[in-house]
Amino acid sequence: MNQPLLVTATQKAGPRLTLAIGATIILALLALPLLSLLPADHNLQVSAYTLTLVGKILCYAIVALALDLVWGYAGLLSLGHGLFFALGGYAMGMYLMRQASGDSLPAFMTFLSWTELPWYWAGTQHFAWALCLVVLAPGLLALVFGWFAFRSRIKGVYFSIMTQALTFAGMLLFFRNETGFGGNNGFTSFRTILGFDIASQGTRAVLFLLTVALLLVSLYLGWCLARSKFGRVLTALRDAENRLMFCGYDPRGFKLLVWVLSAVLCGLAGALYVPQVGIINPSEMSPTNSIEAAVWVALGGRGTLIGPLLGAGLVNGMKSWFTVAFPEFWLFFLGALFIVVTLYLPKGVIGVLKKRNQA
Amino acid sequence: MPKALYTLLLLLLLPLATHASEGEFFLTSKPADQARLLQDWAAQPDAARLALLSELKQGRIAADDTRKVRLNNRLRGLIDNALASHQMLSDDTRVRLSAAQQLQKSAQPAQVAFLDRRFAIEADAAVRAALGLALANLQLAASEPSVRLAAVRLLGETGDPQARTRLQALLEPGAETDAAVRTAAQTSLAQVEHKLLIGELLGQAFSGLSLGSILLLAALGLAITFGLLGVINMAHGEMLMLGAYSTYMVQVMMQRLAPDAIEFYPLIALPVAFAISAGVGMLLERTVIRHLYGRPLETLLATWGISLILIQAIRLLFGAQNVEVSNPGWLSGGLQVLPNLVLPYNRMVIIGFALAVVLLTWLLLNRTRLGLNVRAVTQNRNMAACCGVSTGRVDMLAFGLGSGIAGLGGVALSQVGNVGPDLGQSYIIDSFLVVVLGGVGQLAGTLWAAFGLGIANKLLEPQIGAVLGKILILALIILFIQKRPQGLFALKGRVID
């Protein structure tokens, strides 16, 4: 872990090959939504199911990247990123629910025989405000929590446990019907987004392209961050916080910035996830989901930018296959994955690829 | 007491057949007549009718009679009342006491005369007090204000939730006309409410202690391993689960092999659960955790993986449903302390058990060679190794100890809650918070933090709800850590990396 940190596949596999692979993947991702627009009987047509699945995995990849920024670079293992993801999703869901219900109250509120919207729903019929909420809700929560946590220098496993407790508390809160977010069932049966039918192929394709765009932007952001002085301070912070402090740095600001940025990225990913998948409920906040994100990052390779994306793709791909083929054994496999990755693949798949290239 | 004598005479003279025919008569009557009959019986109890009423409670008129008696809820209530009335004639003090308590709830105005007579001749103080209350309940409707006044005063001395409802009903506008009785009722109501409040608070404090003792059992092992190895064992909750399932297996085995001694299966389950959990814990330490020392975050993930595997394995072996673990006789029931405060025996035993485990752990850590080594490694691993402490062995044994304690906690949990594959998950986050709050490697910290969190949880629950209470506690812990980053009882030292 003390090696220079910017060990991306780029440096190791030779720039040309990697560029070629990267470009192919990006082209394929861009082609996917276009292919989904083909008529249903066409050979190359991509089904809505596949498009949703890949879109979902891309959203998870953004979460993995965001988690990697705080874990791989700054050494803060968050077990609560699912909370930020779900908050972004809920903010978008509020807008979608208002779209679906028109002037009347969302259906679940009518069931509870509420007569007016709670104050925090104000303005959610406007798309612009919903977008602001997508950024603000996870961002502010991360800011407040991070400010207190980093102020008292909570780190290591303490930090992980506190974040896990945070997302657990959030899950319990959103499970309550009185909280005003649909309780157990969450939000579902959306109809339109900005006036477009949410289930139509065109809308799906646009949402997919937006996800790809967000992923590319986050990658670029991460790349800039990792190369900058800021990124170097972060890695120093991860490896020897006390020495960094003796050198005259105040680590709080650095941690807080990367922590909030990561939370906001998760929120955006959640906001893109909800209209594609069509449902958001409190189980997205369960500690299990958040800790699963950590294994995506660990499997792919921490402290690299490509690793988490690879890990998210691999684990979620396997999950979709396993849960259909051997539903009982998925948890065994996932558990074994956690153990194997931590024991034998400390640098993840990227690390293995790197080693092979060096040999 | 001429009537009592008549009753005795009747009892001697009338053959039992009369009562059998009374049963027949009851069976053939219309419900309205049956109700009137029961009310008459309740007002004029006859010891010989006891058998009939007991059988009626079972829904038949005689033990050998197969005809079902159709009963509605009103008739059932009247049967209970009539039965209690008859049980007042019993020689057994306990039967009379429970009958008097039943009468407090159900007595009818027609029974005043009977209750008055029994009250006059009752010898046992407890039964007399209970009977007095039952009588006072009825006398609230008496016509003379002086009787009502006495009844109201008597009710004020109890802490019974029913006395509150009765007094509240009396204070309804227009219900009571006499001013003196009204004022007395108001004072009595205030008294009763005060007593009820005390009972409620004590009850909350007790359930807080109970929750705290469970958290203590769950967090104790966690605190030891965390202090020693610096790793958080996410599979610790599953050690609780293994302990609970060991209890279940012991219960099933004993039902098959030694049904006579089934009462004592929790005692047999304790060593079994300890051995199984400790064995699994040591195995994990040897195979996985050992290779991850110095990498706490990775350990966290690896142990999470272990917990997933354990949960799924239990699901495949025992099914995803909860298994049934029953309380033995000596752990069921409870001690009635106040009218609205019952302390269940199983919870009391668990509080004592948790404290005993803490004591044993303390002795083990402070009075044995192993404990000395554990403390040495906790304070300075390298120095301990230099002095010849086999740190690897200490790690393994301490991990086994921590897991074994969790297994004991699982036995305790199986007696108060559901036993299912997800058992550990529901306690793990709370026990982490106990460790965070209590500080590392300190038994005292864990003890205070566990009971503090348990009581705070239960006190907040009725005020703002369980979920908001939990969130508030989390916020408080985060604020608390601002002041004391190392927990309540931190080891003092100057080591910095």
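**Entry 1: end of a helix in chain B**

I started at the end of H4(B), where B:Gly59 follows the helix with a positive phi, near 95 degrees. I then looked up the buried residues of this helix, which spans residues 50–57. They are B:Leu52, B:Leu53 and B:Leu56. They cover an arc of only 95 degrees around the axis, so they sit on the same side of H4(B). I keep in mind that this is a predicted model.

**Entry 2: confidence**

I checked the scores next. The predictor gives the complex an ipTM of 0.87 and a pTM of 0.81. Chain A has an average pLDDT of 88, and 96% of the residues score at least 70. For chain B the mean is 83, with 93% of its residues at 70 or more.

Where is confidence lowest in chain B, and where is it highest? The lowest is helix H1 (residues 2–13) of chain B, with a mean of 58. The highest is helix H13 (residues 265–287) of chain B, at 94.

In chain A I noted residues 1–10, over which pLDDT stays under 50. The model still has 19 contacts for this stretch beyond four places in sequence. Where pLDDT is low, the predicted coordinates should not be read in detail.

**Entry 3: contact between the chains**

I counted residues on both sides. Chain A brings 36 residues to the contact and chain B brings 32 residues. On the chain A side, four helices each supply at least two residues: H6 (127–151), H7 (156–175), H12 (287–300) and H14 (330–344). Which of them gives the most? H7(A) does, with 13 residues. I sorted the chain A side by class and got 25 nonpolar, seven polar and four charged residues.

**Entry 4: H15 and H16 of chain B**

I took helix H15 (residues 345–367) of chain B and helix H16 (residues 369–379) of chain B as a pair. Their axes come within 5 Å and cross at roughly 80 degrees.

**Entry 5: H13 and H15 of chain A**

I repeated the check in chain A on helix H13 (residues 306–325) and helix H15 (residues 348–358). The axes come within 8 Å and cross at roughly 115 degrees. H13(A) is therefore roughly perpendicular to H15(A).

H13(A) makes the contact with A:Ile306, A:Gly307, A:Leu310 and A:Gly311. H15(A) makes it with A:Gly348, A:Val349 and A:Ile350. I found four nonpolar, three polar and no charged residues here.

I picked A:Leu58, which is found in helix H3 (residues 48–73) of chain A. Is A:Leu58 buried or exposed? It counts as buried, because it has 25 C-beta neighbours inside 10 Å and the cut-off is 20 or more. A:Leu58 touches A:Thr211, A:Val212 and A:Leu215, leaving out residues up to four places away in sequence. I also looked up A:Gly313, 255 residues apart from A:Leu58 along the chain. Their C-alpha atoms are separated by 7.7 Å.

B:Leu267 is exposed, because 12 other C-beta atoms lie within 10 Å and 12 or fewer is the limit. Between B:Leu267 and B:Val250, 17 residues apart along the chain, I read a C-alpha separation of 9.9 Å.

Technical notes: Residues numbered from 1 in each chain as written. Chains lettered and ligands numbered in written order. Predicted model: local features only at pLDDT ≥ 70, side-chain atom pairs only at ≥ 80, totals over all residues. Contact = placed C-beta atoms within 7 Å. Nonpolar A, V, L, I, M, F, W, Y, C, P; charged D, E, K, R; others polar. Arc of directions from axis to C-beta. Axes fitted to C-alpha atoms, helices over the stretch in contact; angles between N-to-C directions. pLDDT = per-residue confidence, 0-100. Parallel < 35°, antiparallel > 145°, perpendicular 65-115°, else oblique.
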